[in-house]
Amino acid sequence: MAKPLNAWAPRMLSVLRIMAALLFMAHGTQKLLGFPASDFSPAMFSLPWIAGVLELFGGAALVVGFMTRPVAFVLSGLMAAAYFMAHAPQSFFPTLNGGDAAILFCFVFLYLVFAGPGPWSMDAARGRA
């Protein structure tokens, strides 16, 4: 059973990258474009606004697999900083402080730094995966 599943592992890496990036982009669109609707609209050039720019444009780069490793490295750091600056001070427990998504994004992006984008990416098409 493992052999047929192993053949799909590289493609599923691409699926993981694409889906994580699409979910991540939603945080950026919410901050910058007001979609989905939210009461939170950060001031331009504030820390949350800069995070929104990175979420939107970094997420878009990851969706298509463009410069995956360096972009994933930056976004992993962004999520680590977001966790320790915004979530950890509220509570030690991630489920109580709302930081479980930040932790998960941080480690998925860190995994992409080492695993690469997978075969369905611009990086692979350009021979830079």
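Student: What secondary structure does the chain have, and in what order?
Tutor: This predicted model has six helices and zero strands. Along the sequence the pattern reads α-α-α-α-α-α.

Student: What box do the C-alpha atoms fill?
Tutor: Along the principal axes, the C-alpha atoms fill a box of roughly 45 × 30 × 25 Å.

Student: How much of the chain counts as buried?
Tutor: The chain has 129 residues, and 35% of them count as buried. The exposed surface comes to about 7,800 Å², with carbon and sulfur atoms supplying 76% of it.

Student: And what share of the contacts joins residues at least 24 apart?
Tutor: That share is 64%, taken among contacts between residues at least 6 apart in sequence.

Student: Let us turn to the core. How many residues does the largest nonpolar core have?
Tutor: The largest nonpolar core has 20 residues. Those with the most contacts inside it are F24, L62, A72, L75, L78, M79 and F109. Two or more residues come from each of α1 (2-33), α2 (47-64), α3 (68-87) and α5 (100-115).

Student: Which helix gives the largest share of this core?
Tutor: Helix α5 does, with seven residues. As general background, nonpolar side chains tend to be buried together in soluble globular proteins.

Student: F109 was in your list. What does F109 touch?
Tutor: Setting aside residues up to four places away in sequence, F109 touches A20, F24, L62, A72, L75 and S76. Among these partners, F24, L62, A72 and L75 also belong to the group with the most contacts inside the core.

Student: Changing topic: where is S14, and is it buried or exposed?
Tutor: S14 is in helix α1. Its relative accessible area is 0%, so S14 counts as buried.

Student: Which residues is S14 in contact with, leaving aside its sequence neighbours?
Tutor: Beyond four places in sequence, S14 is in contact with P117, G118, P119 and W120.

Student: Now the charges. How many positive and negative side chains are there?
Tutor: There are 7 positive and 4 negative side chains, and the centres of the two sets lie 20 Å apart.

Student: How many salt bridges does a search of the whole structure find?
Tutor: The search finds one salt bridge. It joins the side chains of E55 and K31, with an N to O distance of 2.8 Å. E55 belongs to helix α2 and K31 to helix α1, so the pair ties together parts that are 24 residues apart in sequence.

Student: Are E55 and K31 buried or exposed?
Tutor: Both E55 and K31 are buried. In general, side chains of opposite charge can pair when their charged atoms come close.

Student: Last topic, the backbone. Which peptide bond is cis?
Tutor: The bond from F35 to P36 is cis, with omega near -5°. P36 lies in the loop between α1 and α2.

Student: What about F45: what is its phi, and where does it lie?
Tutor: F45 has a positive phi of about 70°, although it is not a glycine. F45 is also in the loop between α1 and α2. With a relative accessible area of 63%, F45 is exposed.

Student: And what is phi of M67?
Tutor: Phi of M67 is near 55°, again a positive value in a residue other than glycine. M67 lies in the loop between α2 and α3. Its relative accessibility is 40%, so M67 counts as partly exposed.

Notes
Residues are numbered from 1 along each chain as its sequence is written. This is a predicted model: local features need pLDDT of at least 70, side-chain atom pairs count only at pLDDT 80 or more; totals for chains, interfaces and linings use all residues. Side-chain values use heavy atoms; hydrogens and water are left out. A nonpolar core is a set of buried Ala, Val, Leu, Ile, Met, Phe, Trp, Tyr and Cys residues joined through side-chain atoms within 4.5 Å. Buried means under 20% relative accessible area, exposed over 50%, partly exposed in between (1.4 Å probe, protein chains only). Helices (H or I, at least four residues) and strands (E, at least two) are DSSP runs, numbered from the N terminus. Contact means heavy atoms within 4.5 Å. Accessible areas come from the Shrake-Rupley method with a 1.4 Å probe; for residues, only the protein chains shown count as cover. Lys and Arg count as positive and Asp and Glu as negative; His and the chain ends are not counted. The place of a charge is taken as NZ of Lys, CZ of Arg, CG of Asp or CD of Glu. A salt bridge is a side-chain nitrogen of Lys or Arg within 4 Å of a carboxyl oxygen of Asp or Glu.
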